[in-house]
Amino acid sequence: MRTKQMLLAFLMLLVGSSLMFAGTVSGKVTYTGTPAHQKPIDMSKEPSCAKQHATPVTTETVVTGANNALDNVVVYVSAGAPDEGQVPTQAITYTQKGCQYIPHVLAMHVNQEFDIINDDQTSHNIHPLPKVNIEWNKSQPPGTPPIKEKYDKPEFIEVKCNIHPWMHGYFAVLKTSHYDVSKEAGDFKLPNLPPGKYTITAWHEKYGTQTADVTITGNETKDVNFTFKATPY
Amino acid sequence: MAKFFAVTIIVIAILSAIPILRHTWVAPEDISTHGGLIDEQMSETMAEAGISFLAAQFVLAFFIWKFSNPGPDAKIKKFPGGAKGLVIAAILVVGIEVMALGIFGVKAWANVYLTPPSADAMPIQVQAGQFAFYFRYPGPDGTFGATHPEMISEGSQNFFGLDPEHDVDSRDDIVAAEMAIPVNKEIHLLMHSKDVGHSFYVRELRVQQDFVPGLDVSLHFTATKIGKYEIVCTQLCGLGHYNMKAYLEVMSQQDFDDWMKKEAAMQ
């Protein structure tokens with residue numbers, strides 16, 4: 001009886017500790033040098049989109065924030081992630097609004113379903129350009145229901161619209177749910193990492209990838225920062 | 001019954017001629033220096049084809065009226081010379097008509113295509129691609145930077161595949177999604193397609209020219225009236241063809257210079 005109780009207590013401690021000792025990797029993505037000038041987009045041929053923008057929107061190849069922050073960088077656990085194969089069930093969306101893709105970079109898990117929404121008064125034809133997944137393009141007139149899609153192999157996929165040449169975005173299809181996309185201040189946060197050794201990769205559409213190794217030993221937050229070298233062209 | 005058909009043909013022929021004679025559908029205003037000759041040619045073609053059409057209908061009605069109820073002893077009359085003569089006569093008549101239109105019309109054609117642009121014509125490059133037009137001005141240095149198709153990146157607005165990092169000429173090139181030109185200034189339009197066949201059509205300019213993939217096509221024109229006009233693709237080019245358009249802005253020289261400065265600042 002006593003042994004049984006002790007075993008139970010030990011098990012509870014084990015489960016509790018694995019929940020308690022959930023580490024976090026967080027940090028900031030920045031750049032050095034001069035990033036390329038982002039050109040304004042002339043949408044005059046699509047008035048229903050042009051009128052949604054009080055000032056012309058610019059290209060989003062390199063989006064920066066204050067203090068050299070670099071946005072739209074996908075930071076993810078590329079090796080050692082405990083959740084490979086667990087497909088999240090929550091819905092994620094990729095919206096076409098004002099003839100732009102929102103968000104510019106959509107990160108997702110392999111086989112995770114995502115909705116493509118047309119929020120414009122014009123037709124779009126979304127055309128992702130995968131190299132290892134299956135390629136397709138789909139027309140979506142205004143008012144039609146969302147297109148449901150998923151990818152079964154990890155890949156960074158460029159996305160374009162076959163009707164509006166300036167529309168441009170990316171899908172980041174990953175084997176893990178431990179990812180984040182850096183926002184205005186360049187910040188990212190990868191929480192709920194059990195103790196272990198991880199490789200963290202940061203991917204930017206123009207500046208490529210960087211990696212860092214990190215070891216989580218317990219309930220701690222490890223700082224990892226990435227700095228990309230920007231070029232004016 | 002035959003007489004009823006004959007009368008019906010005459011009525012239809014006359015009714016269809018009325019809107020043409022009354023100028024119900026007039027061509028849009030001509031804003032080019034060469035358009036007058038083209039309009040003249042179109043009117044001549046319409047007059048010639050219209051007269052031929054009416055004459056043919058009247059002859060047809062006459063034959064139906066007169067010969068559709070022959071008596072039991074009536075003989076079938078043949079065209080003098082038989083079918084061979086008829087065909088030769090038709091070829092001669094139609095051939096002379098088409099040749100005449102061509103000979104008289106060549107002046108209008110030659111004005112745009114067979115004469116070179118003047119030395120001070122302003123060069124503008126237009127690139128057609130599914131499904132938008134983009135225009136390039138050489139900038140202050142007057143020289144277009146080289147294009148590198150493999151460097152085309154629509155996501156970063158590098159529609160022409162320029163290489164500003166290595167090519168100095170391309171650094172001041174101005175690329176725009178609308179075509180601004182000064183009024184009364186000759187434009188030398190250099191056209192090429194990025195992908196499939198397209199067409200550049202501005203009805204007020206009386207310019208309609210196909211883009212042929214792999215060919216550099218050029219033409220020249222002078223716009224004479226300030227205003228905003230639509231440039232449309234008139235060659236079925238794919239899914240988004242219906243939406244392939246841009247705007248031509250004809251401006252005063254001062255406005256054009258200001259526009260250039262504004263565009264240069266945005267590059």
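This is a predicted model: local features need pLDDT of at least 70, side-chain atom pairs count only at pLDDT 80 or more; totals for chains, interfaces and linings use all residues.
## Confidence in the model

For the complex, the predictor gives an ipTM of 0.77, alongside a pTM of 0.82. In chain B the pLDDT averages 92, and 100% of the residues score at least 70.

## A five-stranded sheet in chain A

Chain A holds an open sheet of five strands, and its pairing is mixed. At the edges sit β5 (105-109) and β8 (138-140) of chain A, each of which pairs on one side only. From one strand to the next, the twist averages 25 degrees.

Strand β7 of chain A covers residues 124-129, strand β10 of chain A covers residues 155-161, and the two run antiparallel to each other over four bridges. For a handy landmark here, pick A:Pro128, which stands opposite A:Val159 in β10(A).

## Strand β1 and its partners

Strand β1 of chain A, residues 23-33, is worth a visit of its own. With strand β13 (residues 187-193) of chain A, β1 pairs in the antiparallel sense, over five bridges. In this pairing A:Gly23 is found opposite A:Leu193 of β13(A).

Two further pairings of β1(A) have the parallel sense. One is with strand β16 (residues 221-223) of chain A, over three bridges; there, A:Val25 stands opposite A:Lys222. The other is with strand β17 (residues 226-230) of chain A, over five bridges. Within β17(A), A:Phe228 is the bridge partner of A:Tyr31.

## Where the chains touch

How many residues of chain B are in contact with chain A? There are 21 on the chain B side, and they meet 17 residues of chain A. Which element gives the most to the side of chain B that touches chain A? That is strand β10 of chain B, residues 245-251, with three residues.

Conventions. Residues are numbered from 1 along each chain as its sequence is written. Chains are lettered from A and ligands numbered from 1 in the order in which they are written. Two residues are in contact if their C-beta atoms, placed from the backbone, lie within 7 Å. Two strands pair if DSSP finds at least two bridges between them. Axes are lines fitted to C-alpha atoms, for helices over the stretch in contact, and angles run from 0 to 180 degrees between N-to-C directions. pLDDT is the predictor's confidence in each residue, from 0 to 100.
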